[in-house]
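Welcome! Here is a short briefing to read alongside the model, topic by topic.

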Amino acid sequence: MDQQITFHDYKPKTLNLQDAVIEGLSRTPKSIPPKFFYDERGSALFATICEQPEYYPPEVEQAMLAELAGEIAGLTGTGRVIFEPGAGSAAKIRLLLPELKPLAYVPMDISCAFLREAARNLAEAFPALPIHATCVDFTHSLPLPETVPPGPRLAFFPGSSIGNFTPASARDFLAMVHDRLGPDGMLLIGVDTKKDPHILHAAYNDAAGVTAAFNLNLLHRIRNETGIECRPENFEHRAFYNPEQGRIEMHLVSRRAQTLRLNGHRFEFSEGESLHTENSYKYTPQEFIHLAASAGLELQNYWLGREELFALYLFRSR
Ligand code: AVI
């Protein structure tokens, strides 16, 4: 089975948590980038978020992929090279493979160990699929290894991960995808829609408290990995929809005045002061189609899922 998989390590730089913490806590307002959520416990908590009834995106998107796979294949044709930035467990692509019948699949992920395991599991389920597992920080580059055969390309970027970029960096990322697509390339992307703020609020404030635990885990991680003097119980989870910005914001709010100390640095928090941990932008179809057009992508088709909760877009490179 292993001849079916080639593995390519582009040695993504390990993220320096301590530098990011010092930099982020020195800012006004204080912030830490959301990529630091995903240590082992954070990734497990995110998987549990995806099972919460209030967090609709995974369920709606999966139903759409399963239902639309044949229609999507009718538009893309078969025999493409599919690459998936941030493929993770490569679960969603399974819904498309029987219809899209790709020439090769290139999962890209920053976690090499996780990627290897995902590639092995996928190879077991799809023994005829050539897999070129590519360990890379996809936010910086999207290399296609030399072993990848020539052929028209399809980028797959599900899960509304694009929502965690600012609109300006989303445009830059889509432009990088566009450059990788080459002639006749296509992009299939899942994007969360703007909707009733109550639905959004519930999705990021689930009753079981999993999203709160996910957010607070950032402080546990920072404490364990940098040794910062910090009591996570002195912070609380806050997530709300910001209609001016069109985004969910997640914050950790200080329950009291407190000082966090790290390597001779002191970071003062006043009571109620927030540490901004994530933005999750939501787009109307019109807004997203416009954003993608600014990155050179031309709309081929789009679909709205149950109650217009989520959207899938298929673009062609111009
Ligand atoms: C990974 N990303 C698309 C999720 C989102 O909805 O923005 C991360 C998340 N944060 C809290 N819940 C889920």
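H6 crosses H9 in a right-handed way, where right-handed means that the near helix is turned clockwise from the far one by less than a right angle, and left-handed means anticlockwise. The model is a predicted one, in which local features need pLDDT of at least 70, side-chain atom pairs count only at pLDDT 80 or more, and totals for chains, interfaces and linings use all residues. Residues are numbered from 1 along each chain as its sequence is written, and side-chain values use heavy atoms, with hydrogens and water left out.

**Helix packing**

- Two packed helices are described by the angle between their axes and the distance between the axes.
- Helix H6 (residues 167-181) and helix H9 (residues 285-294) have axes that come within 8 Å and cross at roughly 55°; axes are lines fitted to C-alpha atoms, for helices over the stretch in contact, and angles run from 0 to 180 degrees between N-to-C directions.
- H6 is therefore oblique to H9 (angles under 35 degrees count as roughly parallel, over 145 as roughly antiparallel, 65 to 115 as roughly perpendicular and the rest as oblique).
- Helices (H or I, at least four residues) and strands (E, at least two) are DSSP runs, numbered from the N terminus.
- H2 and H8 pack with their axes 9 Å apart, at an angle of about 160°, so they are roughly antiparallel to each other.
- The H2 and H8 crossing is left-handed.
- For helix H1 (residues 17-26) and H8, the axes lie 10 Å apart and the angle is about 120°, which means that H1 is oblique to H8.
- H1 also passes H8 in a left-handed crossing.

**Around the ligand**

- The ligand has 14 residues around it, and Tyr55, Asn164, Tyr204, Glu278 and Ser280 come nearest (a residue is near if one of its heavy atoms lies within 4 Å).
- The shell residues divide into 7 nonpolar, 6 polar and 1 charged.
- Asparagine 164 has a side-chain N or O atom 2.8 Å from a nitrogen atom of the ligand, and for glutamate 278 a side-chain N or O atom is 2.7 Å from a ligand nitrogen.
- Serine 280 places a polar side-chain atom 2.6 Å from an oxygen atom of the ligand.
- Taken alone the ligand exposes 340 Å², of which the protein buries 95% (areas come from the Shrake-Rupley method with a 1.4 Å probe).
- Helix H2 (40-49), helix H8 (210-226) and strand S12 (274-281) are the elements that give two or more residues to this shell.

**Backbone details**

- Most residues other than glycine have a negative phi, and most peptide bonds are trans.
- Lysine 11 is not a glycine, yet has a positive phi of about 45°; its place is in the loop between strand S1 (5-9) and H1.
- The peptide bond from threonine 28 to proline 29 is cis, with omega near -10°.
- Proline 29 sits in the loop between H1 and strand S2 (30-31).

How values were computed:
A polar contact is a pair of N or O atoms within 3.5 Å; within protein, one must be able to donate a hydrogen and the other to accept it, and residues adjacent in sequence count only if both atoms are side-chain atoms. Ala, Val, Leu, Ile, Met, Phe, Trp, Tyr, Cys and Pro count as nonpolar, Asp, Glu, Lys and Arg as charged, and the others, Gly among them, as polar.
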